[in-house]
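Hi,

Here is the structure I said I would pass on. Have a look at it first, and then read my notes below.

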Amino acid sequence: GGALTPIRPAPGRSSGAYSDSMKTRKRVLLLALGLPAALVLLEALAGWAERAFPPQLRPDPRAQAQAWAGSPWAAECLRELAQSQATRWEPYAYWRRRPFAGQHVQIAADGERRTVHPLEPPPGAPEIWCFGGSTLWGAGARDQGTIPSQLATLLPGYRLRNFGESGHVSMQSRVLFLTLLEREPPPRAVVFYEGVNDLLSAFQQAHAGLPLQEGFRALEFNSRPGALGRRWFDEQSGEWRPLDAAARWRWALAESATLGWLRRAGLLPRLESRLAPAAALELGRAPAGDPGELLRSLIEQRARQLHWTRALAQSQGAVLISAFQPSLYQKPPSGDEAEFAAAYPGQAEFFRAAVAAQRADPRLVDQPDAPDLSGLFERHAEPLFFDFCHLNEEGNRRVAEALAQALIPRLGPPPR
């Protein structure tokens, strides 16, 4: 009554065919069980290898740019730039650099880069706070060659502070300014040196006024891990939906030690960018319908931002300078600058159109507290840029001179 009935081959099938079928099923089962186990083991080994044998930094090819001719320290300085890229989370502003102590680059615990003064200002000296992206921060420059440090040589008696941060757009700089005001006395003056990252963000995302790569943060916020992989929240339907194939690959590249190690080692070149179509960005805003609409949004954003930034600075008793920075696209290219200018299709035309639109807006023309420095290098033939926006130390010096010319009449008599 309790005996088991042996499984027999189905009628019409030979025992040999049945045996082959069972072998196939066993192979499939072993593969189904073994493949995940192998992937888990590979991921663990990759994580260990990443810690034990981190990929070596490759030399930055920009060190060979003609703008660095006669600067033997350029390669080492760019290496320290790469080493200092580690960031920490910063509320509201998103990120700040971690502390770093190199020969040419020094960053304090709060993310502020060292500013070199010819003579150390006395305690209580009036301060000038500088904000901006990587150009203001001083990408490629030594501590003494950044814009704030070169500005310090032109404004003796003031303490210059470098609050620039790579990738920050103008709104992030202002958010950082606000958070600093919550814990420190207001400065005598505040300098915002910006424009390139705002234009770059708009060009890449077809939106004005967003931080760079905001779509990835929106995707991360709107997604969650689940039993069937990461899912994202569809606000229209109110349901959690699985990510598409491209988004799943992005998460794999971001979270997998195996793929991440290979990508950083340069073995998966450009794969991440190929798997990140703009259609996957969940920004909650409709992209600009045409370039003209996008340019109008950019100009309106800058005009409104300038209006309320003036009110904020005035409320703190601070002199304001909100300068629009130059890029390579407003300079006659010299030598390898022509290669840098042609590296990103369509970007040069967009930047030039944005500058032309700004110069045509009366709210942004001939404003003493908002100098337009986009044409600063229109008559300079020598190489100054080592990519489309970053300057050598000579270029930084000329920017500092232009900022000083805007600041000095508004600061009044120098401190004693």
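Predicted model: local features only at pLDDT ≥ 70, side-chain atom pairs only at ≥ 80, totals over all residues.

Is histidine 390 buried or exposed? Its relative accessibility is 9%, so histidine 390 counts as buried, the cut-off being under 20%. The side chain of histidine 390 also has a partner: a polar contact of 2.5 Å links it to the side chain of serine 134. If you skip its neighbours within four places in sequence, histidine 390 is in contact with Ser134 and Thr135, and also with Arg62, Ala139, Leu384 and Phe385.

The other residue I looked at is arginine 174, which you will find in helix 5 (residues 170-181). Arginine 174 has a relative accessibility of 1%, so this residue counts as buried too. Its side chain makes a polar contact, at 2.9 Å, with the side chain of threonine 309. Not counting residues up to four places away in sequence, arginine 174 touches Gln305, Trp308 and Thr309, along with Phe192, Glu194 and Ser322.

Now for the whole chain. The protein chain has 14 helices and 11 strands, and 46% of its 416 residues count as buried. Take the contacts with a separation of 6 or more: 71% of them are between residues 24 or more positions apart.

Cheers

Notes
Residues numbered from 1 in each chain as written. Heavy atoms only, no water. Buried < 20%, exposed > 50% of the residue type's maximum accessible area, 1.4 Å probe, protein only. Polar contact = N/O pair within 3.5 Å; in protein donor to acceptor, adjacent residues only side chain to side chain. Contact = heavy atoms within 4.5 Å. Helix = DSSP H or I, 4+ residues; strand = E, 2+ residues; numbered from the N terminus.
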